[in-house]
Amino acid sequence: MTFYVENETDADFPFDILAVGKQVAKEVLEAERCPYEVQVNLLVTDNAGIREFNKEYRGIDAETDVLSFPGLEFARPGVFEIEESSLHDCFDPDSKELILGDIIVSADRVREQAENYGHSEEREFAFLVAHSMFHLCGYDHMEETEARVMERKQEEVLKTLGITRDKKD
């Protein structure tokens, strides 16, 4: 797995964003039984930066905590079936890894939400990466049943990693 991180804000957290992001991404992929080596890109920005991305790509002129840009379209969430005709578009020609997608996280929102929810910044960051990884695996939360599935899966991954709400920095 290749997990690229760009921190355009030089946000300084009391944990290693590359290590935590990659650990969470790997656990999600294991939980989903992804049969491929994958490539994921993570951009850490601030509220102004994520607002611009949200406006440009979703037409929503507002800050948010995390954005997900899947590299694949899934017929069913978590089922990594790729049509033969699409194989060349889905894999990096050099590494042969599946290009799963991109994640953008607002460092400002990580801090704000950790404070508001009373847990560590690491837990909030890990939660946002897990949430986004499930989007990259085809999950959504537009309907209540979908939301419950995603919430359960996110919590299972974080619990497995020992990144719980009561863990403070």
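Four strands make up an open sheet here, arranged in the order 1-2-4-3 with mixed pairing. Strands, like helices, are DSSP runs numbered from the N terminus (at least two residues of E for a strand, at least four of H or I for a helix), and two strands pair if DSSP finds at least two bridges between them. The edges belong to strand 1 (2-7) and strand 3 (66-70), each of which pairs on one side only. From one strand to the next, the twist averages 15 degrees.

Before we go on, a word on the model: it is predicted, so local features need pLDDT of at least 70 and side-chain atom pairs count only at pLDDT 80 or more, while totals for chains, interfaces and linings use all residues. Residues are numbered from 1 along each chain as its sequence is written, and side-chain values use heavy atoms, leaving out hydrogens and water.

Strand 3 joins strand 4 (residues 98-106) in the antiparallel sense, over five bridges. Within that pairing, Phe69 has Asp102 of strand 4 as its bridge partner. Helix 1 (residues 17-31) lies across strand 1, strand 2 (38-45) and strand 4, and runs at about 140 degrees to strand 1. Angles run from 0 to 180 degrees between N-to-C directions, with axes fitted to C-alpha atoms, for helices over the stretch in contact.

Next come helix 4 (residues 107-117) and helix 5, which pack at about 115 degrees with their axes 8 Å apart. Val110, Arg111, Gln113, Ala114 and Tyr117 of helix 4 meet Glu121, Glu124, Phe125 and Leu128 of helix 5; contact means heavy atoms within 4.5 Å. These residues divide into five nonpolar, one polar and three charged.

Now for the pockets. A pocket is an open set of points on a 1 Å grid over the protein atoms alone, where a 1.4 Å probe fits, with protein on both sides within 12 Å along at least five of seven lines; lining residues have an atom within 4 Å of a point. A volume is the space filled by probe spheres set on the points.

| Pocket | Volume | Lining by class |
|---|---|---|
| Largest pocket | about 320 Å³ | four nonpolar, five polar, three charged residues |
| Second largest pocket | about 240 Å³ | six nonpolar, two polar, five charged residues |

In these classes, Ala, Val, Leu, Ile, Met, Phe, Trp, Tyr, Cys and Pro are nonpolar, Asp, Glu, Lys and Arg are charged, and the others, Gly among them, are polar.

Strand 3 supplies the largest share of the largest pocket's lining, four residues. The lining includes Phe69, His131 and Asp140. In the second largest pocket, 13 residues form the lining, and Glu73, Glu81, Ile82, Glu83 and Ser86 are the closest to its centre.
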